[in-house]
Amino acid sequence: MHYTFNFPGLAPYWKMFLDGALTTLELTLASTVFGLILGILCAIGRRGSRPWLSALCGVYIETVRNTPFLVQIFIFYFGLSSLGYTMPAEWAAVITMVINVGAYSGEIIRAGMDAVPPGQIEAAECLGLSRVRIYWHVVMLPAFEKVYPSITSQFVLMMLMSSVTSQISAEELTGVANNVQSITFLSLETYIVVAFLYLCLAVLLKALFWLGGVILFRRRRIVARAARAGGARPRLESSGRTVIPGGTA
């Protein structure tokens, strides 16, 4: 069997592919920002001193993590419309993605916070750091640094999972591909192009997260600079600054 590829036949629809890719990126960025905020709050709630709040966060996380994403999006789009609460497909997609990624990132961040040694917190208290500075500099930043690769992978995975939103007619990349292939009957070429665009979006997101890590985790650069300066370990002052031989950061 011989098959002749006809990629030029998709050229008139390049703008549709571009709009779909931009919609996918918008859905991903919105779910990343709000899902990360929700995940941080859930991680704090699960480790908090209020049992009812910890239990509530636990129920939310386990419910979302143990139900299919497709079922969740159907509940928000079709289920709520049955109750009289209608919303655009893109809004339903964003809300479902935020809820989903919030549960997964919350558990990842909680694991990172649990990995912070108690002695590190006690040492910060002995240095006289305030509770806010301890929670941010000693607990949250080191914990987030530990799990940052997992968080990055989770958000890239959510970008790929956004293709499921085409089932509720969201005009993201896969939804556009379905429309194009139904017009041109070039199914193989269409989905090869879409796979390539998803690959480009994944690389772009990883680059953005890498840049965010460089900006956010200054301590990593300080430790690396200290190692290059002669292997001396940096020390933490009571003011919260990290001091290395030959300079202060």
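Axes are lines fitted to C-alpha atoms, for helices over the stretch in contact, and the angles run from 0 to 180 degrees between N-to-C directions. The structure examined here is a predicted model, in which local features need pLDDT of at least 70 and side-chain atom pairs count only at pLDDT 80 or more, while totals for chains, interfaces and linings use all residues. Residues are numbered from 1 along each chain as its sequence is written, and side-chain values use heavy atoms, with hydrogens and water left out.

The secondary structure of the chain comprises 9 helices and 3 strands; helices (H or I, at least four residues) and strands (E, at least two) are DSSP runs, numbered from the N terminus. Along the sequence, the elements follow the pattern α-α-α-α-α-α-α-α-α-β-β-β. Of the 249 residues in the chain, 38% are buried, where buried means under 20% relative accessible area, exposed over 50%, and partly exposed in between (1.4 Å probe, protein chains only). Among contacts in the chain with a separation of 6 or more, 71% join residues 24 or more positions apart, a contact being defined by heavy atoms within 4.5 Å.

Two packed helices are described by the angle between their axes and the distance between the axes. Helix 6 (131-161) packs with helix 8 (residues 187-216) at an angle of about 165°, with the axes 10 Å apart. Helix 6 and helix 8 are therefore roughly antiparallel to each other. The crossing of this pair is right-handed; a crossing is left-handed if the near helix is turned anticlockwise from the far one by less than a right angle, and right-handed if clockwise. Helix 6 contributes L141, F144, Y148, T152, F155, V156, M159 and L160, which meet Y198, L201, A202, L205, K206, F209, G212, G213 and L216 of helix 8. By class, the residues of this contact divide into 13 nonpolar, 3 polar and 1 charged. In this classification, Ala, Val, Leu, Ile, Met, Phe, Trp, Tyr, Cys and Pro count as nonpolar, Asp, Glu, Lys and Arg as charged, and the others, Gly among them, as polar.

Helix 8 also packs with helix 7 (residues 173-184), the two axes coming within 9 Å and crossing at roughly 160°. Helix 7 and helix 8 are therefore roughly antiparallel to each other, and their crossing is right-handed. On the helix 7 side the contact is made by L173, T174, A177, N178, V180, Q181 and T184, and on the helix 8 side by S187, T190, Y191, V194, L197, Y198 and L201. This contact has 8 nonpolar, 6 polar and no charged residues. Within helix 7, T174 is buried, at 15% relative accessibility. Beyond its neighbours within four places in sequence, T174 is in contact with S163, S166 and Y198.

A further packed pair is formed by helix 3 (residues 69-82) and helix 4 (residues 89-114), which meet at an angle of about 135° with axes 9 Å apart. Helix 3 and helix 4 are therefore oblique to each other, in a right-handed crossing. F69, Q72, I73, F76 and Y77 of helix 3 are in contact with A89, A92, A93, I95, T96, M97, I99 and N100 of helix 4. The contact comprises 10 nonpolar, 3 polar and no charged residues.

The loop between helix 6 and helix 7 contains I168, which is buried at 1% relative accessibility. Not counting residues up to four places away in sequence, I168 touches I73, F74, Y77, F78, A89, A92 and A93. The C-alpha atoms of I168 and A92 are separated by 8.8 Å, although the two residues lie 76 residues apart along the chain. S169, in the loop between helix 6 and helix 7, has a positive phi near 70° and is not a glycine; S169 is exposed, at 55% relative accessibility. F185, in the loop between helix 7 and helix 8, likewise has a positive phi, of about 60°, without being a glycine, and is exposed at 69% relative accessibility.

The structure holds 0 disulfides, a disulfide being a pair of cysteine sulfur atoms within 2.5 Å. For C42, the nearest cysteine sulfur is that of C57, 4.6 Å away. C42 is buried, with a relative accessible area of 6%, whereas C126 is exposed, with a relative accessible area of 72%.

Conventions:
Parallel < 35°, antiparallel > 145°, perpendicular 65-115°, else oblique.
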